[in-house]
Structure formats: structure tokens, C-alpha cells
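Here's a quick tour of a protein model for anyone new to reading structures.

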Amino acid sequence: LARTVLFLNLADEPAIERIATPRAALTCAEYLAFDCDMHVLVVLTDMTNYCEALREISAARKEIPGRRGYPGYLYTDLASIYERCGRIKGKKGSITLMPILTMPEDDKTHPIPDLTGYITEGQIILSRSLQRKKVSPPIDVLPSLSRLKDKGIGKGKTREDHADLFNQLFAGYARGKEAEELQVILGEAALTEMDRLYLKFANEFEQRYVSQGEYEDRSIEQTLDLGWELLRMFPRSELKRVREEYLEKYWAKAISTTDREP
């Protein structure tokens with residue numbers, strides 16, 4: 001806690017203080033980043049409570065409501081908070097912003113998560129069903145996204161095969177979840193052998209790739225190698241999103257390594 005600054009707003013405090021709290025926190029972060037040359041991580045939780053306070057104040061002012069009673073300027077207001085992160089030319093420090101919000105009724109089309117998704121450069125969505133499966137962290141891979149990932153992966157950054165491996169794992173997991181839905185509706189007998197294989201892959205992907213122990217320190221290299229290990233359950237003909245040279249270099253290596261294991 002020696003390197004932590006907390007700004008707290010309690011539930012029984014006025015709504016006007018709730019909408020001032022994140023701005024006070026970001027002002028402090030800007031001082032630490034751009035005056036003290038620190039790299040600052042700002043965690044704002046829960047932005048849903050902030051938006052509810054904004055709606056309450058808007059109603060008290062008798063403003064014309066927008067979607068679901070939230071003020072029409074909700075997008076602009078959220079952007080004025082989210083866009084205070086980043087760097088300033090000539091300054092050594094930086095601000096990374098991680099807003100956390102609760103999706104009302106788990107509806108990602110709700111104005112709060114919907115508008116947040118338009119403004120931010122990526123979203124990590126947590127799943128109740130994965131949590132019930134004891135997958136931790138319960139990250140729902142398919143709706144989660146990063147608009148900046150292509151600038152941060154690949155040769156010289158992570159590893160040359162990162163992008164192709166990501167695309168193949170994502171496609172395999174998506175097909176596995178489709179097979180899971182088909183199984184629920186029509187029963188396991190309706191699945192083909194390949195559907196069952198993708199279903200098995202999806203379960204392994206959640207339990208071994210997404211799930212990480214509380215004290216597990218997995219490097220990016222280990223994670224990529226684990227991805228190739230999971231892909232080895234497919235015949236080579238199914239790996240259509242990976243370039244041939246990467247299949248020769250990494251997929252074949254994963255197969256040979258497995259063959260040598262006792």
C-alpha cells in the first residue's frame with residue numbers, strides 16, 4: 001500500500017461527490033505521472049455506480065433523458081474520464097486506465113458497457129458460467145477484445161507465431177462453443193466426430209489456457225507453447241489459419257515433444 005493512493009466514495013454519500021471522485025483520482029494520477037515521472041495505473045470501480053449517480057443528478061435537474069433514463073451526454077461524460085489516460089510528449093510518465101463496471105442484467109448492450117466499449121481500446125468480459133466451472137479468472141474470450149493487440153504482438157515484441165496462433169485458437173474455441181450449444185439443443189448424438197473434438201478442445205482451452213492458478217507465474221513464451229500443445233489434438237488439415245512455416249516450426253515440435261514424454 002506504500003505505492004497506492006485511494007479515493008473512496010461511500011454508498012451513503014451524496015451523488016454529486018460520486019461523480020467528482022474519479023476526476024479527483026485522475027488529477028492525482030496526472031500529477032504523479034507528468035510531474036513526478038511515474039507510470040501510474042488507475043483502477044476505477046464501479047463505473048456503473050458513477051453512471052447511476054449521473055442519472056440521478058440529471059433527473060434532479062429535469063434534463064431530457066436518453067436511453068434507459070441516462071442523460072444524453074453520457075457518452076461525452078464517460079469519454080472525458082476515459083480519455084485522460086496515455087502519455088504526453090516530452091514527459092517520462094504515463095497513465096494506464098482500467099475502468100471496471102457491472103453490466104446491469106448481464107446485458108452488454110446496456111448504455112454503460114455499450115458506450116464504454118466505443119470509447120476504450122479493449123474490453124475484458126467476465127463470465128458467470130465460467131466462474132461456475134471454477135475457471136479463474138473467468139474471462140469470456142469470444143466477446144473480449146483488444147483494438148491495439150496487432151501493434152503489440154509479433155516478431156520483436158512477443159514471438160513471430162503469436163498472431164497466427166491467436167487466430168487459430170480463437171477460431172477453434174468459437175467452433176467448440178458452437179458444438180456445445182448444439183449438444184445442449186440436440187444432444188451429443190447429433191455431434192460429428194470433429195464436433196466432439198472441437199468440444200473437447202474448448203473444455204481444455206478453458207481449464208488449461210484461460211484458467212491460471214493464483215500463484216501461477218506463466219510467461220508469454222509458456223503461454224504460446226501451451227497454445228501449440230492444445231492445437232496438437234487436431235489433425236494438421238484443420239489448422240488453416242497458421243502459416244506453413246509456423247506449423248513446421250512449432251506444431252511439429254509440440255507433437256515430437258509429446259511423443260518423447262513417458
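**A bridge to start with**

Arg 23 and Asp 77 join their side chains in a salt bridge, with 3.4 Å from N to O (the term means a side-chain nitrogen of Lys or Arg within 4 Å of a carboxyl oxygen of Asp or Glu). This pair ties together distant parts of the chain, since Arg 23 sits in helix α1 (residues 15-34) and Asp 77 in helix α3 (residues 74-82), 54 residues apart. Across the whole structure, a search turns up 26 salt bridges.

Keep in mind that this is a predicted model, where local features need pLDDT of at least 70 and side-chain atom pairs count only at pLDDT 80 or more, while totals for chains, interfaces and linings use all residues. Residues are numbered from 1 along each chain as its sequence is written, and side-chain values use heavy atoms, with hydrogens and water left out.

**The overall layout**

- The protein chain has 10 helices and four strands; these are DSSP runs numbered from the N terminus, with helices being H or I of at least four residues and strands being E of at least two.
- Reading along the sequence, you get the pattern α-β-α-α-β-α-β-α-β-α-α-α-α-α.
- The C-alpha trace spans about 65 × 50 × 30 Å along its principal axes.

**What the UniProt record lists**

- An unreviewed UniProt entry lists residues 1-146 as "domain: ATPase F1/V1/A1 complex alpha/beta subunit nucleotide-binding". (UniProt positions are given in the numbering used here, feature names are shortened, and annotations may be inferred rather than shown by experiment.)
- In the model, residues 1-146 are 39% helix and 12% strand, and the end C-alpha atoms of that span are 30 Å apart.
- Residues 151-250 are listed in UniProt, again in an unreviewed entry, as "domain: ATP synthase A/B type C-terminal".
- That span, residues 151-250, is 64% helix and 0% strand, with its end C-alpha atoms 22 Å apart.

**How α3 and α4 cross**

- The axes of α3 and helix α4 (residues 111-119) come within 10 Å and cross at roughly 50 degrees. (Axes are lines fitted to C-alpha atoms, for helices over the stretch in contact, and angles run from 0 to 180 degrees between N-to-C directions.)
- So α3 and α4 are oblique to each other; angles under 35 degrees count as roughly parallel, over 145 as roughly antiparallel, 65 to 115 as roughly perpendicular and the rest as oblique.
- α3 passes α4 in a right-handed crossing (right-handed if the near helix is turned clockwise from the far one by less than a right angle, left-handed if anticlockwise).
- On the α3 side, the contact uses Leu 74, Tyr 75, Leu 78, Ala 79 and Tyr 82, and on the α4 side Pro 111, Leu 115, Thr 116, Tyr 118 and Ile 119; contact means heavy atoms within 4.5 Å.
- Sorted by class, the α3 and α4 contact has nine nonpolar, one polar and no charged residues. (Ala, Val, Leu, Ile, Met, Phe, Trp, Tyr, Cys and Pro count as nonpolar, Asp, Glu, Lys and Arg as charged, and the others, Gly among them, as polar.)

**α8 and its two partners**

- Helix α7 (residues 162-186) packs against α8 at an angle of about 115 degrees, with the axes 7 Å apart.
- α7 and α8 are therefore roughly perpendicular to each other, and their crossing is left-handed.
- By class, the contact of α7 with α8 has 11 nonpolar, four polar and five charged residues.
- The axes of α8 (residues 193-210) and helix α9 (residues 220-231) come within 11 Å and cross at roughly 160 degrees.
- That makes α8 roughly antiparallel to α9, and α8 passes α9 in a right-handed crossing.
- Phe 201, Glu 204, Phe 205, Arg 208 and Tyr 209 in α8 touch Thr 223, Leu 226, Gly 227, Glu 229, Leu 230 and Leu 231 in α9.
- This contact of α8 with α9 includes six nonpolar, two polar and three charged residues.

- Most residues other than glycine have a negative phi, and most peptide bonds are trans.
- The bond from Thr 45 to Asp 46 is cis, with omega near 5 degrees, and Asp 46 lies in the loop between β1 (39-45) and α2 (47-60).
- The bond from Ser 136 to Pro 137 is also cis, with omega near 0 degrees, and Pro 137 lies in the loop between α5 (128-132) and β4 (145-146).
- Lys 62 is not a glycine, yet has a positive phi of about 60 degrees; Lys 62 lies in the loop between α2 and α3.
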